[in-house]
There are 2 protein chains.
Amino acid sequence: MQQTVGTDAEIDFGRMTPREFRELARAGGYRRMTTRNVCLGHVQCAMVALPERLAFDFMIFCQRNQRPCPVLEVIEAGSHTSRRIAAGADLRTDLPLFSVFRDGKLVGHVPDAREHWRSDLVTFLIGSNTSCDQALNRAGVQTEKHRYVLRTGIQTDAAGPFRGPLVVTMRWLTPKEAVIATQLTGRFPFNHGAPIHIGDPAAIGADLAHPMTGNDPVPPMPDGLVPVFWACSMTPQAIAQAAGVEFMITSGPSLGLISDLRSDQVCMP
Amino acid sequence: MQQTVGTDAEIDFGRMTPREFRELARAGGYRRMTTRNVCLGHVQCAMVALPERLAFDFMIFCQRNQRPCPVLEVIEAGSHTSRRIAAGADLRTDLPLFSVFRDGKLVGHVPDAREHWRSDLVTFLIGSNTSCDQALNRAGVQTEKHRYVLRTGIQTDAAGPFRGPLVVTMRWLTPKEAVIATQLTGRFPFNHGAPIHIGDPAAIGADLAHPMTGNDPVPPMPDGLVPVFWACSMTPQAIAQAAGVEFMITSGPSLGLISDLRSDQVCMP
């Protein structure tokens, strides 16, 4: 796993521009375990790059499951450069870490995906709800604590080989925060939008025993809080992995692409 | 062209259910020239069915141009039935009229597309801003008068062979209506969302001399009104036609598919 090392503790990653951050990532200079709080106010994306043969089915899957899979850019096979939302970003190098999968199995994490990249890969950039953190903070909703990524019993709507359960982000909020966060995230339809559920985790079959991040079960919820659930951009990656895709490169866990899009832009430009 | 005939003047099309209307259309019983004001409060869609070979490029085009091309459902080749947004609708019969194109040329309008349908067609259902009419009316914004479909000088973002100008709906509204309509349509991101422009038509190169509906140039605007422009779902059809697609079936002009989706649902279900 990665650790904070060297002098990067002194850098205010929150105030960097997306371009500066992508250059830092390209140079291997970002070693934290998450891109949360990086380039605050900019849309962050999960990346899924898979063979062209499967790309149309995957895109239909994303259309059928827009809440977890809001596609913000598609980069055709033969290119590895973002043009629309992270202009000029090299998608093989400008993220802090990549996951490489063969036949649905994780074969490794690499900080530079150039030697693994294939010319038949189509790349999808998919909005993440990390993008809304600053807007939530400004509105008085805390985003640091009580955040879990969970599998649910809700089935996505399949396309081709892509099928499986919805993954959600569960946050424990005060009732007042829950009301604010519901309204506010509804303004971000291209970053998962409003919650998909509020209240009892069992009602959506949320797997509290096996969170997808960390190793421990979810602890008991403190009194006075309410669980609120948003569709999560780990869904498309989990679905592609479950489909046993022959070869795939994705953004590393909790480490996204920082786009040039400002989160406060409600719609796509 | 079609005329109102028989007894359909007595039917309250606005209060029909989408299923009832689709059955009526299947039976050839709807002969008006537009589906505006049909099944009020339900999302209407433009339909574009084109060969699978081109479908991925077309879908990427729609993703890159989400404002004019909000894809609400994709039906894979081999099927001609909506599953998600107009459950059970036969897309060869359940619209009032179809346009058939060969090599980008319109070859005819047919009320039943079964004899033209091909098993390699992938069908896209694309949200239309007609869907918002009832919500606008409820908010006191008139939707009957002063409505024009125009080509603009704004270029869409190309994908494969698909490229060309954005088509817009221009409405002339009072300033008060313009403020209400801007806020209200922003709540419908999957039906073109907020305006793309307010004010001078020349600023977006709107072609007032050759509206896409009707034969006459746009008349002078009455004093005291303001032009407001929304991306229009005629864009994808015009783009596909301009690409000279070898074969294509679309919804007839101003005649859409009536979906089961309620317009007041801000997000996809």
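A pocket is an open set of points, on a 1 Å grid over the protein atoms alone, where a 1.4 Å probe fits, with protein on both sides within 12 Å along at least five of seven lines; lining residues have an atom within 4 Å of a point. A volume is the space filled by probe spheres set on the points, which are joined across faces, edges and corners. The model is predicted, and totals for linings use all residues. Residues are numbered from 1 along each chain, and chains are lettered from A.

**Exercise 1.** State what volume the largest pocket has and which residues lie nearest its centre.

*Solution.* Step 1: the volume is about 1,200 Å³. Step 2: the lining holds 46 residues, and T213(A), M234(A), G252(A), P253(A) and S254(A) lie nearest the centre. Step 3: helix 5 of chain A supplies the largest share of this lining, six residues; helices (H or I, at least four residues) and strands (E, at least two) are DSSP runs, numbered from the N terminus.

**Exercise 2.** Determine the strand order of the open sheet of four strands in chain A, and find its edges.

*Solution.* Step 1: the order is 6-7-9-8, with antiparallel pairing; two strands pair if DSSP finds at least two bridges between them. Step 2: strand 6 (147-155) and strand 8 (197-198) of chain A each have a single partner strand, so one side of each is left without a neighbour in the sheet. Step 3: two bridges join strand 8 of chain A to strand 9 (residues 226-231) of chain A, where F229(A) is the bridge partner of H197(A).

How values were computed:
This is a predicted model: local features need pLDDT of at least 70, side-chain atom pairs count only at pLDDT 80 or more; totals for chains, interfaces and linings use all residues. Side-chain values use heavy atoms; hydrogens and water are left out.
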